Amino acid sequence: MLTGDISKTTLNEHLNSDGSTRPVYQPLMDSLNGLGVPELQQRWRDANDTAALDAFTFMLDPREFRTVPTDWLPRLIPADEWDTISRGVAQRLKAINHFLLDLYCGDQQVVPPDVMYSCQYYNPELQDYRPASDVFVHVYGIDLVHMGDGRYVILEDNLRIPSGIAYQLKTTQIGLNVLPELAGGYDIVPYDIRSAYLDMFASLCETDSPVCVLLTDSKFGSAFFEHRYLSELLDIPLVEGSDLYVGHNGRVWARCLDGDFEVDLVYRRVEDLELFVPGLTEAYLDHKVVLVNAMGTGACDDKLVFLWVPDMIKAYQGEEAILEQARSYDLRSPENRQYVLQNLDSLVLKTRQGYGGLGVFIMPDLDKGYRSRLAQQLIEQPQVFIAQETLDFSRHLVFDETSGEFEERHVDLRVFAVQNGRGEVTVFPGGLTRVSEANSRVTNNSSGGSCKPSWVVR
Amino acid sequence: MVEPRSIAYRPDRWLTDSRVYNLIWMGRWLERADNTTRVINNFARVAVENGSDMVALQQSLNSAAAIRGIPTEDPRRALELLLRRHEVSSIYHSLTTARGNATHVGTVELIRALSEAVLTLEDDSAMPQSPLDALLLTNQILERLSAVYKVIDDNWFHQEALSEEEVYRRFVQQQQQQ
């Protein structure tokens, strides 16, 4: 399935194609020059210290306290570019939600049944189940890359437990606090995550003031910072699986020293719900508790299902997709398989259920031996993979505070949106820019990438 | 009798199982860090008062380390082990583990206070070279620990927690003013 011809480009976010500075970046460049390298180095250290003090972490090893590697130089997105992104994300979220409703409660005709039923995250037990307010996707994360001239291309959707919204907020907060000069000359588009989340929670529950909790795997989880941060920001209890149980009335209860309390909504940040809270699935299916995100959303996290999202938009919205997505190949087809095997060296292979950078193989960056082993796997199990064209997406300046020099690294953009019970979508301006390591195109934090603040500017 | 639904609206009453578990362990690790710091501080004070050198201080600390289950075959390393190197009983380990528990229990203010205490031991150049250095360093750690206790006291008994919610509120306010 083809979704548009994406030409290869080499783009640095702050430069025009003729090498001149993009007008939107000019005030930022002036501010950087005004500060000078020694002052920048000091500010970088201050920002890193603040991150360490606030335990702004992303753990790769639970035994090791690791602050999120951050480049504090902001990425700038002009408001008109953002407008397209925002509309595209909202359109996609609504189409996916509609599809999931049709998948579980209707008779969807968009995605071939063998694709759907072979999807690891398809939940047959949800057949005929309608979630609260017909909303499956409450929190949505989408990975984009910039190809130049405001053209953003989608790499993948994140629908189960997308993480990063707190990282978006914290990088912006620390960056603006430590380097306020960089904001000079800009009108940064503000947003309010707290209100959007609380409104979303309230709109999904039947009671006026619902009791909501945030379910975390534990403080040893990689994104625990985000769990703690959101629980504190939203002022809702942070609970582990052992804190929750399903009571005799079929409702979910939280164990508390001063008396257990009933829970109306679980903002879950874990995948295997039954493992953490036995009986939670049944309570959910009996409509005794609301889950954010709903069960079953993972069906659209599948990298193969991704190929049909533009068709979902056409089918359910009656529109063409606003944002294009990376050209991808369904390897169940012998023609596609042959093409991919012939051009393997220039493509990206992804496992259908991979996440966090795992299961992503950028073939041009791998050695010959590794490539031939993957080719063999592809021949033996084509249904496990999809192939995607390798995009030469944009780079951004990053500052190395040790050497005092600027470097260029590949960057992507994870954008977050929430959908409330009234079907209204809020897309949070800016998103989280993720930065690759040197000589790599993988930007995931789990794979060693770092992040940087992103501002939408008017 | 507490009205069950009301508990969920009061952050100070969210004593869920996991929170209690982390609260207890945070207390235990803080106490261990505090005890070990006071032991070193005491020996260092005596050494400074008596005009003893670093070798004598290390030898005195060797037995204190042994009591804490730290094998010190080389007495010259006793101070280093107690401060930073030992995987279980060092002050550094106790503080970092307490901070881990605090991330589940406390507000960002508590985490900051504990991180400040941890930072005193992360600087390689801060490693004491004399009994006076050891005295000053442990005084500094005790000061940082006092700041931690004050935050705990404020948060638990006076409800003055600087939470991420408050940090965010101030941030939004600041943005609006700009």
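Trainee: Which residues line the second largest cavity?

Mentor: Please keep in mind throughout that this is a predicted model. The second largest cavity holds about 50 Å³ of space. Its lining is made up of A:L155, A:E156, A:D157, A:C300, A:D301, A:D302, A:K303, A:F306, A:I386 and A:Q388.

Trainee: Which element provides the largest share of the lining of the second largest cavity?

Mentor: Two strands of chain A, β3 and β15, each supply at least two residues of that lining. The largest share, three residues, comes from β3(A).

Trainee: How many residues of the lining of the second largest cavity are charged?

Mentor: Sorted by class, this lining has four residues that are nonpolar and one that is polar. The remaining class is the charged one, and the number of its residues is five.

Trainee: What is the volume of the largest cavity?

Mentor: The count comes to four cavities of 30 Å³ or more. For the largest cavity, the computed volume is about 290 Å³.

Trainee: Which residues of the lining are the closest to the centre of the largest cavity?

Mentor: Strands β3 (152-158), β13 (347-351), β14 (360-362) and β15 (385-389) of chain A are the elements that give two or more residues to this lining. By class, the lining has seven nonpolar, five polar and seven charged residues. Of the 19 residues that line the largest cavity, the closest to its centre are A:L155, A:K350, A:V360, A:I362 and A:R441.

Trainee: Turning to the salt bridges, which residue of chain B forms one with A:D54?

Mentor: A search of the whole structure finds 35 salt bridges over all chains, and in the one formed by A:D54 the closest N and O atoms are 2.5 Å apart. A:D54 lies in the loop between α2 (37-53) and β1 (75-78) of chain A, while its partner lies in helix α6 (residues 108-119) of chain B, so the pair joins two chains. That partner is B:R112.

Trainee: Is A:D54 buried or exposed?

Mentor: The cut-off needed here is that buried means under 20% relative accessible area. B:R112, at 26% relative accessibility, counts as partly exposed. A:D54 has a relative accessible area of 2%, and therefore A:D54 is buried.

Trainee: How many residues apart in sequence are the parts that A:D187 and A:R458 tie together?

Mentor: The side chains of A:D187 and A:R458 meet in a salt bridge, at 3.2 Å from N to O. A:D187 lies in the loop between α5 and α6 (193-204) of chain A, and A:R458 in the segment after β21 (454-457), so the parts tied together are apart in sequence by 271 residues.

Trainee: Why does A:R458 count as exposed?

Mentor: Exposed means over 50% relative accessible area. A:D187, at 38% relative accessibility, counts as partly exposed. A:R458 is exposed because its relative accessible area is 57%.

Trainee: Which residues does A:Q173 touch, not counting residues up to four places away in sequence?

Mentor: A:Q173 has its place in helix α5 (residues 165-178) of chain A, and with a relative accessible area of 3% it is buried. Apart from residues up to four places away in sequence, A:Q173 touches A:Y229, B:V167, B:Y168 and B:F171.

Technical notes. Residues are numbered from 1 along each chain as its sequence is written. Chains are lettered from A and ligands numbered from 1 in the order in which they are written. This is a predicted model: local features need pLDDT of at least 70, side-chain atom pairs count only at pLDDT 80 or more; totals for chains, interfaces and linings use all residues. Side-chain values use heavy atoms; hydrogens and water are left out. Helices (H or I, at least four residues) and strands (E, at least two) are DSSP runs, numbered from the N terminus. Buried means under 20% relative accessible area, exposed over 50%, partly exposed in between (1.4 Å probe, protein chains only). Contact means heavy atoms within 4.5 Å. A salt bridge is a side-chain nitrogen of Lys or Arg within 4 Å of a carboxyl oxygen of Asp or Glu. On a 1 Å grid over the protein atoms alone, a cavity is a set of points where a 1.4 Å probe fits but cannot get out, and a pocket is an open set with protein on both sides within 12 Å along at least five of seven lines; lining residues have an atom within 4 Å of a point. Grid points are joined across faces, edges and corners, and a volume is the space filled by probe spheres set on the points. Ala, Val, Leu, Ile, Met, Phe, Trp, Tyr, Cys and Pro count as nonpolar, Asp, Glu, Lys and Arg as charged, and the others, Gly among them, as polar.
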